[in-house]
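Student: I have the sequence and the model open. Could you walk me through how to read a few of the features?

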Amino acid sequence: MVWAWLSLAALAAEPEALPRVVVEAEISEDLRTITGDLWIGDAPDGLTLVDPLADLPVPPDDRTLLRTWRGRPRPGAVTWQPVEPGHWTFTTTLPRHRFGDLGTWDRQLLANGAWYPQPLVHGTLPIARWDVTVTGPADAVVVVGDALAEPADGTAEGTTDGVGDGPTAWWGGTAERASLAVVRRAQVVTDGDVSIVSRRPKRILRRQPAALLDRTGLGQRVVVVEAPLRRRLARPGPGLLYLSNRAWRLTPGLRTYHDRAVTRGLVEASIPAPAPFERALAASLATRLAPAADARGLLRWFSWNPVVD
């Protein structure tokens, strides 16, 4: 276990000479539009801004289409205008009724990055030092990374002092993206290092993520937001895990087969390593150190059936 900790400590080391990205944004009442300002300092040569929503993959078949959109596709776009060197204003319209970790619904906004003009350096996603402030509607819980702000006077890891009447969350970190979630009329349940944000958190959702993270021995601050994911059980971002609302919706006795994927997502979201590859490597290591049941093991007993095989 000692060598595992040393490996994770090395992964968490921050590289030097990183660009600094500052974002101040507000969320509209319908949760679809984001307006704000973007500043980039210490920018390296070759830095450009692109619309990340323009490159969202198109579902290649009807089955994938049904798992990506509810109804007809309603894509979004990011536009921006320069104010002065290193400073831009932007407006983002997020995709409507898109399943996954990028899209808006009637009471929920999810954006695992891609909600601001995306900085690229020579066409690649750079690691940056982020300083992000987001204000949401008055009745919403705002989550940026592992920071969240609640309505009224209830806040956690955030502040309600900012532009606008709603709660304002601030997050600072070193990563390749800033992950965002806004949920109206949500409940926040905190257990140790894990905060759960859900409109109606079930009992297993209240207790299982914290138990899984404790089992790895790698307890780090992470926020879990229940989301309408259809192709993955969990999608991690820096400090924030988007967890499918279908997680653990299995026949009693089979729920443990979702634990491995959720554990991997929890560790990948909570490890304070700057690069996504490093976080994924740490998550793979953690799931091997604290193994959970694998559905493939169960299916081997029925592999004689050609359909299962």
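Student: Where do I start with strand E7, and how many of its residues are buried?

Tutor: Buried means under 20% relative accessible area, exposed over 50%, partly exposed in between, with a 1.4 Å probe and protein chains only. In E7 (residues 108-112), five of the five residues are buried, so the strand is largely enclosed by the rest of the structure. Gln108, Leu110 and Asn112 point one way, Leu109 and Ala111 the other way, and all are buried.

Student: Can I trust that, and how is it counted?

Tutor: This is a predicted model, where local features need pLDDT of at least 70 and side-chain atom pairs count only at pLDDT 80 or more, while totals for chains, interfaces and linings use all residues. Residues are numbered from 1 along each chain as its sequence is written, and side-chain values use heavy atoms, leaving out hydrogens and water.

Student: Which strands pair with E7?

Tutor: Pairing requires that DSSP finds at least two bridges between two strands. E6 (residues 102-104) pairs with E7 in the antiparallel sense over three bridges, with Thr104 opposite Leu109. Three residues separate E6 from E7 in a hairpin. E14 (residues 179-184) also runs antiparallel to E7, joined by five bridges, and there Ser179 stands opposite Asn112.

Student: What is 9.5 Å from Gln108, C-alpha to C-alpha, though 91 residues apart in sequence?

Tutor: That's Arg199, in the loop between strand E16 (194-198) and H3. Arg199 is partly exposed, with a relative accessible area of 28%.

Student: How should I read a positive phi?

Tutor: Most residues other than glycine have a negative phi. Here His97, not a glycine, has a positive phi of about 55°. His97 sits in the loop between strand E5 (87-93) and E6, and is buried at a relative accessible area of 9%. Trp248 is another non-glycine case, with phi near 65°; its loop lies between strand E19 (240-244) and helix H4 (259-270). Trp248 is buried too, at 3% relative accessible area.

Methods
Helices (H or I, at least four residues) and strands (E, at least two) are DSSP runs, numbered from the N terminus.
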